[in-house]
Amino acid sequence: MNKIEKLNFIVETVNLNGFISVEEISQILNVSTMTARRYLNELDAKNELIKVHRGAESKLLRSEKSQSEKQLIHISEKQEIADIAIKYLKPGDTVFIGSGTTLEQFATKINEKNIRIVTNSWPVFMILNQKNFKELILVGGTYRENTGAFVGRITLTALEKMNFTKAFVSCNGIYEQGISTFTESAGEVQTVALNRAQEKFLLTDNSKFNKIDFYQFYNLESIDYLITDHNIDPKVYSKFSTFTNIITKNSL
């Protein structure tokens with residue numbers, strides 16, 4: 001592989017996964033870490049990627065897909081995840097449900113009425129509002145039209161006073177033990193909700209593993225259950241199972 005091919009490989013990999021480390025470049029391309037850093041400096045100067053501490057991020061991270069765009073991708077995987085997640089709901093639960101299209105699928109599957117549900121997601125609220133729940137609470141705040149979520153200080157202040165038996169959140173990426181999302185404001189809401197929950201659930205499809213987004217909001221070791229679809233790569237399953245309990249339909 002010549003230099004041009006190596007540079008193209010780095011750009012393709014970082015755009016696919018969201019992040020690539022200096023160590024990964026060194027190992028995969030069989031070059032020194034000094035050479036790997038020089039490659040990143042060159043690609044950053046050409047505006048092909050964004051050089052950060054220990055590696056580089058994809059420029060694609062700087063734009064976020066809208067809720068309507070996300071609704072059209074990985075539909076069957078999200079439905080499969082939702083079918084698994086509802087098995088963990090019990091009568092009397094007080095549940096937080098975050099924002100995201102995977103959690104919207106989860107909301108459509110919920111039939112247990114004797115539970116209290118809190119959400120900061122307008123789409124999730126609208127789905128659940130069609131059903132007769134014991135109690136349904138929409139936490140307000142600053143509205144993000146792109147995701148349909150309420151965020152900010154008002155949202156955080158309300159959540160900091162609540163306690164949940166279970167919290168269900170999603171993410172844009174899982175890299176090593178870091179769970180990340182696109183904005184700090186969205187991540188802060190999920191951090192607070194998870195910290196207020198007795199049991200913590202992360203719902204995400206197989207495409208989010210080994211990817212990274214802007215704001216890391218939680219550590220995988222602090223998650224009780226990670227629910228994903230059966231298409232997860234066996235090597236990925238094995239790697240991330242060392243940090244938390246991964247649940248698929250094949251492991252039930």
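1. A residue counts as buried when its relative accessible area is under 20%, as exposed when it is over 50%, and as partly exposed in between. Glu-135, with a relative accessible area of 32%, is therefore partly exposed. The model discussed in this note is a predicted one.

2. Glu-135 has a charged partner. Its side chain meets that of Arg-116 in a salt bridge, with 2.9 Å from N to O. Arg-116 belongs to strand S5 (residues 116-119) and Glu-135 to strand S6 (residues 135-138), so the pair ties together parts that are 19 residues apart in sequence. Arg-116 has a relative accessible area of 29% and is likewise partly exposed.

3. A further salt bridge joins Lys-166 to Asp-93, whose closest N and O atoms are 2.7 Å apart. Lys-166 is part of strand S9 (residues 164-169), while Asp-93 sits in the loop between helix H5 (75-85) and strand S4 (94-97); the pair therefore ties together parts that are 73 residues apart in sequence. Are these two residues buried or exposed? Lys-166 counts as buried because its relative accessibility is 6%, and Asp-93 is buried at 7%.

4. The side chains of Lys-239 and Glu-176 also meet in a salt bridge, at 3.7 Å from N to O. Lys-239 lies in helix H10 (residues 234-240) and Glu-176 in the loop between strand S10 (173-175) and strand S11 (178-181), so parts that are 63 residues apart in sequence are tied together by the pair. Lys-239 is partly exposed, at 31% relative accessibility, and Glu-176 is partly exposed at 37%.

5. The salt bridges in the model number nine. Some form a network, which links Lys-3, Glu-42 and Lys-46.

6. Two of the helices deserve attention as a pair. The axes of helix H1 (residues 3-17) and helix H3 (residues 33-45) come within 11 Å and cross at roughly 75°. Since angles of 65 to 115 degrees count as roughly perpendicular, H1 and H3 are therefore roughly perpendicular to each other. Their contact involves Lys-3, Lys-6, Leu-7, Ile-10 and Val-11 from H1, together with Tyr-39, Leu-40, Glu-42 and Leu-43 from H3. Sorted by class, this contact comprises six nonpolar and three charged residues, and no polar ones.

7. The buried residues of H9 are Ala-186, Gly-187, Val-189, Gln-190, Val-192, Ala-193 and Leu-194.

Technical notes:
Residues are numbered from 1 along each chain as its sequence is written. This is a predicted model: local features need pLDDT of at least 70, side-chain atom pairs count only at pLDDT 80 or more; totals for chains, interfaces and linings use all residues. Side-chain values use heavy atoms; hydrogens and water are left out. Buried means under 20% relative accessible area, exposed over 50%, partly exposed in between (1.4 Å probe, protein chains only). Helices (H or I, at least four residues) and strands (E, at least two) are DSSP runs, numbered from the N terminus. Axes are lines fitted to C-alpha atoms, for helices over the stretch in contact, and angles run from 0 to 180 degrees between N-to-C directions. Angles under 35 degrees count as roughly parallel, over 145 as roughly antiparallel, 65 to 115 as roughly perpendicular and the rest as oblique. Contact means heavy atoms within 4.5 Å. Ala, Val, Leu, Ile, Met, Phe, Trp, Tyr, Cys and Pro count as nonpolar, Asp, Glu, Lys and Arg as charged, and the others, Gly among them, as polar. A salt bridge is a side-chain nitrogen of Lys or Arg within 4 Å of a carboxyl oxygen of Asp or Glu.
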